[in-house]
Every structure is written in C-alpha cells, then in structure tokens.
Amino acid sequence: MSVDQDKMFRSKEQFVHSVFESIAHRYDRMNTILSFRRHKAWRKFTMKMMAVKQGDTAIDVCCGTCDWAIALAEASGTGEIVGLDFSQNMLKEAERKIGERGLDRQIRLIHGNAMALPFADNTFDHATIGFALRNVPDYRHVLREMARVVKPGGQVVSLELSKPTWAPFRAVYYLYFRRILPWLGKWLAGRYEQYRWLPESLVQFPDHKELARIMEEMGVFESVRVYPLTGGIAAVHIGIKKRNA
C-alpha cells in the first residue's frame with residue numbers, strides 16, 4: 001500500500017467513525033424511517049438464504065446496533081455469535097438490545113476494526129456484514145479478512161445498498177436518495193452532513209454484478225451467489241469459501 005493510499009484509507013475511516021459515533025442513538029429509528037422498513041425484510045430474506053443451522057457460529061463485522069447478530073443468535077440457538085464494530089457508541093446501543101433479549105451469554109461484542117479481524121483462520125461458520133461494506137477503507141481487503149476467519153465451506157455474506165438497474169426507477173430512487181434523504185436526516189435527526197454521506201458512499205461502490213465479479217476473481221470462494229432486492233436498491237452476496245483453502 002502506498003503512503004497516499006494509506007492516508008486516503010485513514011481519512012475515510014476517521015470520517016465514517018465520526019458519523020456513526022454521532023448518530024448511534026438514532027440509528028435504528030432513522031434506518032426504519034429512511035428505508036420505509038425495507039431493511040427488516042432484506043435481512044429476513046438474507047437469513048432465509050443463509051439457512052443457519054443449530055449451533056452454527058458467526059461473526060457480524062461492523063455489527064452496529066446488532067440487529068443482524070441478534071437474528072444470527074436466534075437462528076443458531078446455541079452457537080457463539082461475535083459482533084465487532086469500531087464505534088463504541090454503536091456497541092453501547094447493541095449491548096442494551098442484547099441484554100433486553102437475554103442474549104448476552106450468546107453474543108460477544110468486540111471493539112475492533114474490520115480491516116484486521118482479531119481471530120485465527122477458519123474460526124466461524126459464517127461471516128456477515130450489513131450496510132457497511134461500502135463504508136470500509138478497502139472492501140476487497142475486508143472480504144478477504146472475512147473469508148480468512150470463516151471455515152472451509154463457510155459463508156461470507158454481504159447485505160448492502162446497491163444501484164437500481166431499471167432506468168426510470170433509478171431516476172426516481174436517486175432523486176430521493178441524493179436530494180430528499182439528507183434533508184430528512186436533518187429534520188428528523190438534526191444531522192445533514194452525516195446523511196449526505198449515505199448517497200456519496202455509494203458512488204464509488206460497485207453495482208451488484210460488478211461486486212459478484214470481484215468476489216469471484218478473489219480466488220477464495222468456490223461459488224458466489226447474488227440476489228438483487230427491491231429493484232436493485234439493495235443486494236445480497238453470498239460467497240462459499242473453498243473447501244481446500
């Protein structure tokens with residue numbers, strides 16, 4: 001990595017960290033309002049496609065307030081679930097929610113960085129990342145880290161915002177996403193710049209077909225499945241780690 005790349009990655013990481021530290025206490029409410037509750041249906045669909053088994057273990061990278069980690073724990077029943085995030089304020093919200101559901105013995109929270117997961121190779125059955133891959137400094141590196149800590153045959157799963165493919169729908173969606181959503185963030189949460197970041201973060205991120213191609217070319221997955229959701233607003237990518245890796 002060049003010095004310039006390192007500075008660029010650190011700058012993005014610091015900015016994203018400041019965003020999530022400042023919106024943590026309103027994160028769940030704003031997600032539900034701004035996505036018209038679609039994020040819940042998208043996560044439910046993703047869990048169905050993952051088919052988590054009793055006793056499976058998982059790490060939810062960039063876990064935020066732990067909605068996905070909680071869903072993984074409830075599906076697994078007994079397997080340990082790790083939620084990792086670099087925002088202490090998001091982890092405080094997650095700790096409260098986990099305690100309310102009595103899952104504090106099954107879900108372990110770790111303050112850490114997605115770019116350097118603090119686990120040995122081949123540790124988990126699943127590694128997930130929800131609405132965060134576009135926010136990390138280097139998404140290819142994070143996908144490799146997730147594949148590293150997953151057992152051979154295990155799943156690396158990304159649920160992420162994407163780019164609608166049908167032109168008329170894309171025009172309407174981008175009008176909402178780029179022009180209206182940041183003002184809703186200001187009016188409802190008192191944060192304009194933080195919610196203006198949301199559409200900006202998607203500009204340089206690949207669409208669902210390109211991300212699938214990138215995952216296939218990484219050489220660590222024996223197969224990659226992709227499911228565009230709600231006209232391509234979001235997409236699920238599931239990579240199965242090679243069994244001889």
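Ala51 sits in the loop between α3 (38-50) and β1 (58-61). In this predicted model, Ala51 has a positive phi of about 55°, although Ala51 is not a glycine. Its relative accessible area is 45%, so Ala51 is partly exposed.

Cys66 also has a positive phi without being a glycine; the value is near 80°. Look for Cys66 in the loop between β1 and α4 (67-76). Is Cys66 buried or exposed? Cys66 counts as buried, because its relative accessibility is 0%. The cut-off for buried is under 20% relative accessible area.

Move on to the charged pairs. Side chains of opposite charge can pair when their charged atoms come close. The count comes to 11 salt bridges. Arg148 forms a salt bridge with Asp121, and the closest N and O atoms are 2.9 Å apart. Arg148 counts as partly exposed, at 23% relative accessibility. Asp121 is partly exposed too, at 46%.

The next pair stays inside one helix. Glu93 forms a salt bridge with Arg96, with 3.1 Å between the closest N and O atoms. How far apart are Glu93 and Arg96 along helix α5? Glu93 and Arg96 are three residues apart in helix α5 (residues 88-100), and therefore about one helical turn separates them. Arg96 has a relative accessible area of 40%, which makes this residue partly exposed.

Helix α9 (residues 208-217) holds another such pair. Glu210 forms a salt bridge with Arg213, and here the closest N and O atoms are 2.4 Å apart. Glu210 and Arg213 are three residues apart in α9, so they are separated by about one helical turn. Glu210 is partly exposed, with a relative accessible area of 30%. Arg213 counts as partly exposed as well, at 33% relative accessibility. Back among the salt bridges, those that share partners join Glu93, Arg96 and Glu100 into one network.

Stay with helix α9 for His208. His208 counts as buried, because its relative accessibility is 8%. What is His208 in contact with, leaving aside its neighbours within four places in sequence? The partners are Ser162, Thr165, Val226, Pro228, Ala235 and His237.

Now turn to a pair of helices. Two packed helices are described by the angle between their axes and the distance between the axes. Helix α7 (residues 167-189) packs with helix α8 (residues 193-203) at an angle of about 150°. Their axes are 7 Å apart. Angles over 145 degrees count as roughly antiparallel, and α7 and α8 are therefore roughly antiparallel to each other. Which residues make the contact? From α7 come Phe177, Arg178, Leu181, Pro182, Gly185 and Ala189. From α8 come Tyr195, Arg196, Leu198, Pro199 and Leu202.

Helix α7 also holds Trp187. Trp187 counts as exposed, because its relative accessibility is 61%. The cut-off for exposed is over 50%.

Terms used:
Residues are numbered from 1 along each chain as its sequence is written. This is a predicted model: local features need pLDDT of at least 70, side-chain atom pairs count only at pLDDT 80 or more; totals for chains, interfaces and linings use all residues. Side-chain values use heavy atoms; hydrogens and water are left out. Helices (H or I, at least four residues) and strands (E, at least two) are DSSP runs, numbered from the N terminus. Buried means under 20% relative accessible area, exposed over 50%, partly exposed in between (1.4 Å probe, protein chains only). Axes are lines fitted to C-alpha atoms, for helices over the stretch in contact, and angles run from 0 to 180 degrees between N-to-C directions. Angles under 35 degrees count as roughly parallel, over 145 as roughly antiparallel, 65 to 115 as roughly perpendicular and the rest as oblique. Contact means heavy atoms within 4.5 Å. A salt bridge is a side-chain nitrogen of Lys or Arg within 4 Å of a carboxyl oxygen of Asp or Glu.
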